[in-house]
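Biologist: Please show me the model, and then let us go through the terms used to describe it.

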Amino acid sequence: MEHRLLVPGPGTVDDCPAIAVGLREAAIAPAAGGAVRRLPLNEAMAALRGTGTPILCHAPLVARRLGVPRFPALDLLELFAFVRPARFCLPTPAGLARALGLAVPQDIAEETVLLRHAAQALGAGATVIDVSEDPGLESAVPWIPALDGLVGRPQGTERGLLRSP
């Protein structure tokens, strides 16, 4: 059975933009299979507007490099910490790749491709527990709506909270 990682709103992770930032430039992939755009950091937020919730690695650093306050995003480091608690991951796309056993990206454009692969790899290792008694937990972890569709819900529950197996 093939699973697709769902994200908040319609679509899947493949439909989300992915953004990676370097010291001087950003790379944005609008959707899986879409052409990766490399652009100056000061143009990246404008390029993301209206494209959906972006997937990224290390939201505070990305926002700082873009010169903006934190913005809604699906941060893979949060997902990694949630699905693989107490496991080390260097907080970079390359560190995430190493921790997940994926090919290490060689440039910023490859980092955007890695982000989707990392999301799928982390989603495949998640299971669900019932959060019906504490709906606040679901809003505390932004990835829960995204991953809920991948791993399913426990029988007889309305909402699920992910955890590692």
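**Terms set against values**

Biologist: Why is Ala86 called exposed?

Modeller: Ala86 has a relative accessible area of 90%. Exposed means over 50%, buried under 20% and partly exposed in between, with a 1.4 Å probe and protein chains only, so Ala86 counts as exposed. This is a predicted model, in which local features need pLDDT of at least 70, side-chain atom pairs count only at pLDDT 80 or more, and totals for chains, interfaces and linings use all residues. Residues are numbered from 1 along each chain as its sequence is written, and side-chain values use heavy atoms, leaving out hydrogens and water.

Biologist: What is the phi of Ala86?

Modeller: Positive, about 65°, although Ala86 is not a glycine. His58 also is not a glycine and has a positive phi, of about 75°.

Biologist: What makes α3 and α5 roughly parallel?

Modeller: Their packing angle is about 20°. Angles run from 0 to 180 degrees between N-to-C directions, along axes fitted to C-alpha atoms over the stretch in contact. Under 35 degrees counts as roughly parallel, over 145 as roughly antiparallel, 65 to 115 as roughly perpendicular and the rest as oblique, so this pair is roughly parallel.

Biologist: Which residues make the contact?

Modeller: Leu76, Leu79, Phe80 and Val83 of α3 meet Leu115, Ala118, Ala119 and Leu122 of α5, contact being heavy atoms within 4.5 Å.

Biologist: How confident is the predictor overall?

Modeller: The chain averages a pLDDT of 79, on a per-residue confidence scale from 0 to 100. Over residues 1–6 the pLDDT is below 50. Where pLDDT is low, predicted coordinates should not be read in detail.

Note on methods: Helices (H or I, at least four residues) and strands (E, at least two) are DSSP runs, numbered from the N terminus.
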